Amino acid sequence: MFEVRNITMIYNMEQSDKVYALSGFDLTLPDKGLIGIIGPSGSGKSTLMYCLSTLKKPTDGSILYNGKELTDLNDHEREELRRNEFGFVFQRHFLVPYMSAVDNVIVAAADHSVPAKEKAKSLLESFGLKKSEYNKRPAQLSGGQRQRIAIARAMINDPEVLFADEPTAALDHENAFAVMSVMRSYAESRLVLVITHDRSILKQADRVIEMWDGTVSTERHGDSV
Ligand SMILES: Nc1ncnc2c1ncn2[C@@H]1O[C@H](COP(=O)(O)OP(=O)(O)O)[C@@H](O)[C@H]1O
Ligand SMILES: [Mg+2]
């Protein structure tokens with residue numbers, strides 16, 4: 001669970017062109033569920049996600065993750081936390097071009113044992129990839145398949161929190177929905193945070209947080225989404 005208090009993020013702090021990316025708001029996020037973050041470009045969505053996931057450190061304010069103050073952690077502790085508890089999916093899949101689908105998933109596994117390989121295959125299978133596709137390279141697969149492989153890679157270590165920044169932005173609608181349905185099922189037991197421009201892919205979200213100009217402008221829960 002995240003408890004964000006009065007979070008502020010200022011870029012170019014030392015310069016005259018300061019940018020207030022996050023401007024002091026509170027937010028509480030639960031242990032599980034699919035949470036959408038929506039808002040125009042430049043409204044602070046990515047900055048918020050990077051602060052929550054310890055990729056960036058806010059200028060001011062507090063972020064508690066399961067009671068632990070994230071802004072107090074050193075680089076090594078942040079790295080450990082990311083490796084052990086967080087998974088990441090970005091707009092671009094960042095798959096290794098010369099590796100097969102299944103090897104791209106295993107590459108992120110804590111160990112490269114036979115069980116890791118079996119788990120990688122079962123994730124790909126549950127995401128709708130055919131056995132004949134496991135050994136194909138990214139270039140031989142569709143955008144949606146590549147992104148599902150990237151999600152499988154992000155899930156191989158069973159992260160407590162899955163952070164996804166515009167995961168469907170490069171996909172057509174059909175592929176976007178396939179990717180969302182994978183994340184929807186993961187959100188039954190874990191927290192999945194999805195940034196998007198596209199409201200239509202958040203129909204199944206438990207909650208939608210709307211951002212505007214560095215702050216949370218509206219929040220909607222469950223049925224009203
Ligand atoms: N590394 C950076 N240095 C300076 N300004 C930045 C940096 N990253 C983001 N910004 C600025 O912070 C604001 C919020 O950006 P961002 O969090 O990327 O928004 P979003 O993801 O909603 O598009 C924008 O004005 C953006 O230009
Ligand atoms: Mg962004």
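Predicted model: local features only at pLDDT ≥ 70, side-chain atom pairs only at ≥ 80, totals over all residues.

Mentor: Residues are numbered from 1 along each chain as its sequence is written, chains are lettered from A and ligands numbered from 1 in the order in which they are written, and side-chain values use heavy atoms, with hydrogens and water left out.

Trainee: Which residues touch the most other members of the largest nonpolar core?

Mentor: In soluble globular proteins, nonpolar side chains tend to be buried together. A nonpolar core is a set of buried Ala, Val, Leu, Ile, Met, Phe, Trp, Tyr and Cys residues joined through side-chain atoms within 4.5 Å. Buried means under 20% relative accessible area, exposed over 50%, and partly exposed in between, with a 1.4 Å probe and protein chains only. Here the largest core has 40 residues, and L124, I149, I151, M155, L162, M183 and V192 touch the most other members. At least two residues of this core come from each of β3 (33-38), α3 (101-106), α4 (114-126), α5 (143-155), β7 (161-165), α6 (173-186) and β8 (191-196). These elements are DSSP runs numbered from the N terminus: helices are H or I with at least four residues, strands E with at least two. Another core, of 28 residues, lies apart from the largest one and includes L29, I195, I209 and M211.

Trainee: With which residues is L162 in contact?

Mentor: Contact means heavy atoms within 4.5 Å. Leaving aside neighbours within four places in sequence, L162 is in contact with G87, F88, V89, I151, A154, M155, M183, Y186, L191, V192 and L193.

Trainee: How is the packing of two helices described?

Mentor: Two packed helices are described by the angle between their axes and the distance between the axes. Axes are lines fitted to C-alpha atoms, for helices over the stretch in contact, and angles run from 0 to 180 degrees between N-to-C directions. For α5 and α6, the angle is about 20 degrees and the axes are 9 Å apart. Angles under 35 degrees count as roughly parallel, over 145 as roughly antiparallel, 65 to 115 as roughly perpendicular and the rest as oblique. The helices α5 and α6 are therefore roughly parallel to each other. On the α5 side, the contact is made by G144, Q145, Q147, R148, I151 and M155, and on the α6 side by N175, A178, V179, V182, M183 and Y186. By class, these residues divide into seven nonpolar, four polar and one charged. Ala, Val, Leu, Ile, Met, Phe, Trp, Tyr, Cys and Pro count as nonpolar, Asp, Glu, Lys and Arg as charged, and the others, Gly among them, as polar.

Trainee: At what angle do the axes of α4 and α5 cross?

Mentor: The axes of α4 and α5 cross at roughly 135 degrees and come within 10 Å. These two helices are therefore oblique to each other. K119, L123 and L124 of α4 meet I149, A152 and M155 of α5 in the contact. Five nonpolar, no polar and one charged residues make up the contact of α4 with α5.

Trainee: Is helix α1 largely enclosed or exposed?

Mentor: Seven of the eight residues of α1 (residues 45-52) are buried, so this helix is largely enclosed by the rest of the structure. The buried residues are K45, T47, L48, M49, Y50, C51 and L52.

Trainee: What is the phi of T54, and where is T54 placed?

Mentor: T54 has a positive phi, near 70 degrees, in a residue other than glycine. T54 lies in the loop between α1 and β4 (60-65) and counts as buried, at 2% relative accessibility. D213 also has a positive phi, near 55 degrees. D213 is in the loop between β9 (207-212) and β10 (215-221) and counts as exposed, at 59% relative accessibility.

Trainee: Is P159 buried or exposed?

Mentor: P159 is buried, with a relative accessible area of 3%, and is found in the loop between α5 and β7. Leaving aside neighbours within four places in sequence, P159 is in contact with E85, F86, G87, A154, Y186 and R190. The C-alpha atoms of P159 and K136 are separated by 26 Å, and the two residues are 23 apart along the chain.
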